[in-house]
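Please walk through this chain from its overall fold down to single side chains. Which residues hold the centre, and how do the helices meet?

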Amino acid sequence: MPSEAAPQNLRLIERFLEMMAAERGASANTLAAYRRDLEAYAQERGGDLRAAGPDDIRAHLAHLEAHGMARSTASRKLSAIRQFHLFLHGDGLSRDNPATAIDSPRAQRPLPKMITEGEVEKLLAAASTRVLPEPGDEFIARPARATGASQHQVEPRSAVVAGQVHVGRAQQP
């Protein structure tokens, strides 16, 4: 670490890891991962970690993202940073805990997969070989009633007749 505060940061990290091992029973793998994460954070930030602020943590997260780090990995690294700053603050080694102002990186939800026209046709073909529900069948009526519709509003509108649904073209019943 090029910073002149590097030896102090390493001592703080070591104290934190000792606490994690003694008080929380952290495994050797957890301790090694926290050490890597915190040393990288300390090196990136430079300066005394006890004086770090929310912007320093955000800058570190932005650095991780810029280098292609997955959000789930960044969240794990942020967890180590949060616990470290909680430790510093709890032991009176820093005035405040800058990590409390940091939101976790949100995991990206994958887009839903689209089905092909051929798959739609297969579904419709399979549906046409089955007996379709009667208008008052519960699996159709219950969701409609949940919207506030009454029984007489649901039944006439819920009937589906095989052959009225076509893929790729509109057809009047």
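Predicted model: local features only at pLDDT ≥ 70, side-chain atom pairs only at ≥ 80, totals over all residues.

Residues are numbered from 1 along each chain as its sequence is written, and side-chain values use heavy atoms, with hydrogens and water left out.

Start with the overall layout. The chain has seven helices and zero strands. Helices (H or I, at least four residues) and strands (E, at least two) are DSSP runs, numbered from the N terminus. Read from that end, the elements run α-α-α-α-α-α-α. The chain has 173 residues, and 26% of them count as buried. Buried means under 20% relative accessible area, exposed means over 50%, and partly exposed lies in between (1.4 Å probe, protein chains only). Contact means heavy atoms within 4.5 Å. Among contacts with a separation of 6 or more, 59% join residues 24 or more positions apart.

Now the core. A nonpolar core is a set of buried Ala, Val, Leu, Ile, Met, Phe, Trp, Tyr and Cys residues joined through side-chain atoms within 4.5 Å. The largest one here has 26 residues. I13, F16, M20, L38, I57 and F84 have the most contacts inside it. Four helices each supply at least two of its residues: α1 (6–24), α2 (28–45), α3 (54–66) and α4 (71–90). The largest share, seven residues, comes from α4. Take F16 as a way in. Leaving aside neighbours within four places in sequence, F16 is in contact with Y34, L38, A80, Q83, F84 and F87.

L12 sits in helix α1. L12 counts as buried because its relative accessibility is 2%. Beyond residues up to four places away in sequence, L12 touches D48, R50, F84, F87, L88 and L93. L49 is 37 residues from L12 in sequence, yet their C-alpha atoms are 8.5 Å apart.

Next, a helix pair. Two packed helices are described by the angle between their axes and the distance between the axes. The axes of α2 and α3 come within 10 Å and cross at roughly 105 degrees. Axes are lines fitted to C-alpha atoms, for helices over the stretch in contact, and angles run from 0 to 180 degrees between N-to-C directions. So α2 is roughly perpendicular to α3. That label covers 65 to 115 degrees; under 35 counts as roughly parallel, over 145 as roughly antiparallel, and the rest as oblique. On the α2 side, the contact uses A40, Y41, E44 and R45; on the α3 side, D56, I57, A59, H60 and H63.

R45 lies in helix α2. It counts as partly exposed, because its relative accessibility is 24%. Apart from neighbours within four places in sequence, R45 is in contact with A51, A52 and D56. The C-alpha atoms of R45 and D56 are separated by 6.5 Å, with the two residues eleven apart along the chain. A polar atom of the R45 side chain also lies 3.2 Å from the backbone oxygen of D48.

Finally, K77. Setting aside neighbours within four places in sequence, K77 is in contact with D37, L64 and M69.

How values were computed. Polar contact = N/O pair within 3.5 Å; in protein donor to acceptor, adjacent residues only side chain to side chain.
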